[in-house]
Amino acid sequence: MVGKLVASVCSFALLALAPGYYLYNFSNPSGGSRQWSQHALRRLGTTAVASAQGLTASFAFDLQQQFEVLPEGGERGWLGADAAASIVIGGGRTGRRALWLYADTLLTEYHSGNQSRQWDGLQMPRSSIAMVECDSVSCGGRPEYIWREDASRVGSKIGEAAFFEPPLAELRRGVALWPVAGVAARDGKSALLVAIRVNVSDYSVLGTTLIALPDVASVEDPRKWDYKLYDVGAENVTWFTAIGFADGRTDSLYLWGHIGSDKHTTHLARATYSELMRGRWDTVEYWSRPHGDEQSQWSRHADATSLAPIGPASWEGTITWSEELGLWYSFFTDDDDITDPSIYMYVAEDMTGPWSRLKAYDIPGPFGTDGKSWSCYAAKAHPELAGAPIAGHANADLVLTYLCNERGGSKKLFQPMGMFWPSRSYWPTFVRVSVPRDLRQKLPHSSMVASGRRGFLSA
């Protein structure tokens, strides 16, 4: 049996109280009301960084409102997940819609009285999705959260109805798939997802799995999509961090990967969309130094000792080309560094570098001020939410999300007021980043620190 969220949408009324101060009223289906405090909203609304290169960033109230779809009080539904990657595919009412990918998902009852998730009855499928209707410019529809339900599996040791599942034999061994990145064909008819293959008994990473979806446009209901799985790469060299088209015309793709869990050394591979949709990992090329030469080059050899780093730090992110900026960009926050609750933007004219690092956003409290208790991660770009470029505007507007989870436990996710903003955890937080269109001219390339053949600047 398949289920989806039948939800009430909390409506927001945003009142400007003073510069940097806001107050939200939530209409409550039970007749009450919920409010964000002025102090809490001030922390969110004014948490911005003005870098030396002119970047500014702030909490995106309107986007947070758009994705605020909760089950009725006392009903079971979708109440949070991580990963939160998005791609634009075909199909739907307008022929264009956004597919959101989520990993471990909380399905449980929502207690509207104390704004909490209920622990009793919790189920956690290892993946779920959402669909958002788009127009020709942006994707402003409400998300429809969708998951699978199978009474024979819910709560069992072989999984809890994940949207994307490995074969049954692997499920029995504790293997799960976390979809964390993806790319759609240029015509929107098919999609290629990248998943972390993990052993959920000890949460060890086993490798990378490609999820090929041959028809996502004519098959309207995602629950009826066919998909094929291809395990690729190796356990010690993974390629799930990010995937994207290498240019604006061909079907060439870039993939970002890592050796082990080294988030500060990113490696690069390239392939074609059509070949990876067929599982042809043997066609992949790697940015390498095959013979230890100083000059890096493309090679078919995937030996970890010959892979050349390209510069940025990354892990479960996105790689995006901005026509407005004339730059590649990616976002990153290091959940292992409890002393620096910041999101950084990496930019480069060429994928192989040099890369520059710019501070984009300071994560506000309670998450950013108490790094020992919280882990923030999965900073990802969502170009479909940024809207069309504004002619004559000095800045390019970008959108990112990030997530914060309790470090070493889950008690805080289910405590009273655990769904109350701004302390809600395990739910994507939306941020707008305003970047000067002339950023490329402001980057001090001469000061970049070498990393392999190319490098990055910490600014």
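Predicted model: local features only at pLDDT ≥ 70, side-chain atom pairs only at ≥ 80, totals over all residues.

Reader: How many nonpolar, polar and charged residues are in the lining of the largest cavity, by class?

Author: Residues are numbered from 1 along each chain as its sequence is written, and side-chain values use heavy atoms, with hydrogens and water left out. On a 1 Å grid over the protein atoms alone, a cavity is a set of points where a 1.4 Å probe fits but cannot get out, and lining residues have an atom within 4 Å of a point. For the classes, Ala, Val, Leu, Ile, Met, Phe, Trp, Tyr, Cys and Pro count as nonpolar, Asp, Glu, Lys and Arg as charged, and the others, Gly among them, as polar. Here the lining of the largest cavity has five nonpolar, three polar and five charged residues.

Reader: What is the volume of the largest cavity?

Author: A volume is the space filled by probe spheres set on the grid points, which are joined across faces, edges and corners. For the largest cavity this comes to about 90 Å³. Of its 13 lining residues, Asp334, Asp337, Pro341, Trp374 and Cys376 are the closest to its centre.

Reader: Which element gives the most to the lining of the second largest cavity?

Author: Strands (E, at least two residues) are DSSP runs, numbered from the N terminus. The second largest cavity holds about 60 Å³ of space, and its lining includes Lys263, Trp315, Phe331 and Tyr377. Strand S23 (327-332) and strand S26 (374-381) are the elements that give two or more residues to that lining, and S26 gives the most, with three.

Reader: Now the pockets: which residues lie closest to the centre of the largest one?

Author: A pocket is an open set of points with protein on both sides within 12 Å along at least five of seven lines. The largest pocket has a volume of about 1400 Å³. Among its 50 lining residues, Val88, Thr320, Trp321, Pro383 and Glu384 are the closest to its centre. By class, the lining divides into 26 nonpolar, 15 polar and nine charged residues.

Reader: Which residues lie nearest the centre of the second largest pocket?

Author: They are Asp82, Trp178, Tyr203, Asp335 and Tyr377, out of 34 lining residues. This pocket holds about 900 Å³ of space, and strand S9 (97-111) gives the most to its lining, with three residues.

Terms used: Helix = DSSP H or I, 4+ residues; strand = E, 2+ residues; numbered from the N terminus.
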